[in-house]
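Please take a moment to turn the model around on your screen before reading on. Then we can walk through it together, one place at a time.

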Amino acid sequence: MGFAGLNARERLFPKPHEIFATGFYHGGFDFAVRSILGKTARGGADAGEVLATITGVKSGDHPGWFEAWTQLADRIAATAATSQRGGHRVSAARAFLRAANYYAVALEAIDGLPDTAQLLPTFRAHRAAWESFVDESAWAAERVDIPYEKTSLPGWFVRPDDSMRARPTFVMNNGSDGSISGLWCEGAEGAIERGYNVLLFDGPGQQSMLFERGTSFRPDWEAVITPVVDFLASRGDVDTARLVLYGVSQAGYWVPRVLAFEHRFAAAVVDGGVVDVSTSWLSQIPRSLQTLYGRGEKGKFDRNMAIGMKLPGGKATAATWTFRSRPYGTSGYSATLDEVRKYTVRDVAAQVTTPLLVTAPEDDQFFPGQSQELAALVEGAELMEFSATEGANGHCQPLGRELTEQRVFDWLAGRVPGVG
C-alpha cells in the first residue's frame, strides 16, 4: 500500500514507522528518504518538501520516483534563482543547496530507469545548483584544480573567513556515489563552524570525474590523496600539522587504505568502516552462483548471472548492476567482481599509525560488522557506536547526522589543537 491509500491527514503527516516500515516502501527508496531527511539539520532539505514529494510515489515505481524528485529540484532551483535575482543571497544559497540535494536523489534514481539518457542532464543540473550555492554562500569558497597524474581533480576549498592564516584543514573523501552537496551537510559546514578549512573534491570514478571525464575508481587510493596533501601543503592558509581526513560510506575503505601509506594526517575518521568492499556485492548473489565464481568457473558464472537477470524482477537488478559497476570501469559479471575484490585493507591495515575513529551504526545494511573488524585490525583505532534507540542506525546513520557531527568533532578536538 502506498500513500495514495491513506486518508488525507495521514498522507500529509505520515507517521515515521509507516514511512519506514520494512516492506512498506522499496528498500532503495527508504534509504534515500532517510538520507535526504538527515540533511535537514544543515538546511540541505526541508522535511515538508520531502514528505510531500514521496506521498504520490508508489513503492518500486522508479520512473515516478525519478520524476518526483526532478520536479521538486526544478521547482526549488527556480525559487533559488528568483531570490538570487532579487539580491536575497541567504535565501538563494539555502534554496540552491536544497535543490542540489534533491537533484542528487534524482541522479541516484537513474539506475532504476530503462536507460541512462537523463544521467548527464540531471548531474549537470545538480552541479549547477551546487555551484550557485557556492557563489551565494557566506563562507569564503574557492574553486580549485588539484594536480593529479596528467590531469586534475575538481575541488572546492572553503575557509571560515577571508583571512589567510594557516588553519587546520578537513579533507572530505566521498563514497561511491555520494554528492558534494551531500558532503556539505554531512560534516563540511560543521567543520567550518569549528574553525577548519574544508576541502571537497571529486576523485577518480566520482561524480564529474566519472560522468564527464570517464575515469574509474582505483583501489590504491593513496595515489589520489597524496597529491591532495601535496596540494594543501603548497598553500599558506593550511597548517599541515593539523590535517584531518574524513571518509564516508565506501570511503570507509579508501581512507584506511590511504593511511597505510600516507602518514601526514593528524587524525582520521571513517563513517563507517569498510574492510572488504566485495562483501556488499557477493551478499546479493545466490550462494550457488557464489560457489561457481569461487571455483573459478567464470564463464558458467557469467552465463547463469545473465540468465538470472532475465527472470521476473531481474531487469531492475541488471540496471542496478550496470550502474554500480560503471565506476569500476568493467563490463561483465565476473570481471566486475574480480575488480571489486581488490578493494580490501586486510593486508595493509596493520600499517596505519594515524589516530583513527571508526563509526559503527547498528543495522548497517551494506557493510554489517565491518566497522568492528576494521577497528580490530588497526592498532589504537577507536570504535564509536550509534544505535536505533538514538535514532542513529543504518548505514552512515542517515537520520542521526547532528549526533554524528557532535560526537565526531568532539573526538577530533582532543587530537587537533585549536578547533572547537
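**A walk through the model**

What you are looking at is a predicted model, in which local features need pLDDT of at least 70 and side-chain atom pairs count only at pLDDT 80 or more, while totals for chains, interfaces and linings use all residues. Residues are numbered from 1 along each chain as its sequence is written, and side-chain values use heavy atoms, with hydrogens and water left out.

Ser59 sits in the loop between helix H4 (47-55) and helix H5 (62-85). Helices here are DSSP runs of H or I with at least four residues, numbered from the N terminus. From the C-alpha atom of Ser59 to that of Asp162 is 47 Å, and the two residues are 103 apart along the chain.

Now look for Arg401, in helix H18 (residues 401-413). Arg401 counts as buried because its relative accessibility is 9%. A polar atom of its side chain lies 2.8 Å from the backbone oxygen of Cys396.

Next come the aromatic rings. How is a pair of them described? By the distance of the centres and the angle of the planes. Rings of Phe, Tyr and Trp (its six-membered ring) pair if their centres lie within 6.5 Å; planes under 30 degrees apart count as stacked, over 60 as edge-to-face and the rest as tilted. A search of the whole structure finds 22 aromatic pairs. In one of them, the ring centres of Trp281 and Trp321 are 5.0 Å apart and the planes stand at 90°, so this pair is edge-to-face. Because Trp281 belongs to helix H12 (residues 279-282) and Trp321 to helix H15 (residues 314-325), the pair ties together parts that are 40 residues apart in sequence. Both Trp281 and Trp321 are buried. They also belong to a cluster linked by ring pairs, whose members include Phe217, Trp221 and Tyr253.

A ring can have a charge over it too: this applies if NZ of Lys or CZ of Arg is within 6 Å of the ring centre and within 35 degrees of the ring normal. Here, Arg235 lies over the face of Phe157, at 3.9 Å from the ring centre.

Technical notes:
Helix = DSSP H or I, 4+ residues; strand = E, 2+ residues; numbered from the N terminus. Buried < 20%, exposed > 50% of the residue type's maximum accessible area, 1.4 Å probe, protein only. Polar contact = N/O pair within 3.5 Å; in protein donor to acceptor, adjacent residues only side chain to side chain.
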